[in-house]
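These entries record what I looked up in the structure shown below.

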Amino acid sequence: MSDAPDRAAALRAYAEETAGCTRCPLAATRTQVVFGSGNPDADLLFVGEAPGFHEDQNGVPFVGQAGKLLDRLLAGIGLERSDIFVANVLKCRPPQNRDPQPEEIASCEPHLFRQIELIQPKLVATLGNFATKLLSGRSFGTCQDRPSASSRSPASVSTSPTFSKLSARSRCRLVLPGSDAASLWRINRLLR
Ligand code: SF4
């Protein structure tokens with residue numbers, strides 16, 4: 001499926017389907033599924049960890065302080081939320097914002113990979129260690145360990161087998177940015 005309107009319609013349908021997901025125990029404690037939001041034909045997809053309290057209440061990822069920071073960084077490179085798509089590794093809030101558990105990630109990751117398949121972004125940028133681990137296949141998170149080296153050299157970023165298959169089909173690349181303006185500028189260069 002390569003036509004943008006068709007992919008957007010398929011993404012909407014998938015969001016409706018995911019709203020009733022009960023694949024893991026988080027279905028019992030969430031207020032609602034936080035599927036993701038933004039441009040369904042975005043070149044840039046950010047992937048965070050999981051919804052927090054405000055996201056769970058509002059149904060939108062990256063609101064509150066984290067969202068304001070992301071908006072500021074995006075504005076610095078001339079982008080708005082409506083230009084990108086933002087999603088999380090987990091679509092439901094873990095109680096008390098605890099870390100995602102391996103079985104929850106395993107249950108939820110097909111949703112994220114389907115989103116990537118439908119959006120077909122040029123770049124997938126991770127926000128935090130859980131997204132980095134899942135998409136890079138590394139056993140450790142790199143955002144805090146080596147924030148800039150990987151985003152300077154995106155070709156050298158290793159990817160998980162599932163992401164590799166996706167990127168082979170759609171040619172999207174994985175970047176592991178730090179949470180600073182310089183990282184966003186590097187992403188901006190890669191998009192052009
Ligand atoms: S976290 Fe993911 S797998 Fe678990 S219930 Fe929510 S949408 Fe389904």
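I first looked up L44: beyond its neighbours within four places in sequence, L44 is in contact with I84, P121, L123, A125, I187 and L191. I took two residues as in contact if their C-beta atoms, placed from the backbone, lie within 7 Å.

I note that this is a predicted model, in which local features need pLDDT of at least 70, side-chain atom pairs count only at pLDDT 80 or more, and totals for chains, interfaces and linings use all residues. Residues are numbered from 1 along each chain as its sequence is written.

I next looked up the largest nonpolar core, which has 45 residues; L44, L45, F46, V47, I84, V89 and V124 have the most contacts inside it. Helix 4 supplies the largest share of this core, six residues. Such a core is a set of buried Ala, Val, Leu, Ile, Met, Phe, Trp, Tyr and Cys residues joined through C-beta atoms within 7 Å. Buried means that 20 or more other C-beta atoms, placed from the backbone, lie within 10 Å of the residue's own.

For the protein chain, I recorded that 41% of its 192 residues count as buried. I found eight helices and five strands, taken as DSSP runs (helices: H or I, at least four residues; strands: E, at least two) numbered from the N terminus.

Last, I turned to the ligand. Of the 15 residues around the ligand, C21, C24, K91, C92 and C108 come nearest; a residue counts as near if its C-beta atom, placed from the backbone, lies within 6 Å. Helix 4 (residues 102–119) gives the most to this shell, with four residues.

Key. A residue is buried if 20 or more other C-beta atoms lie within 10 Å of its own, exposed if 12 or fewer, and partly exposed in between; C-beta atoms are placed from the backbone.
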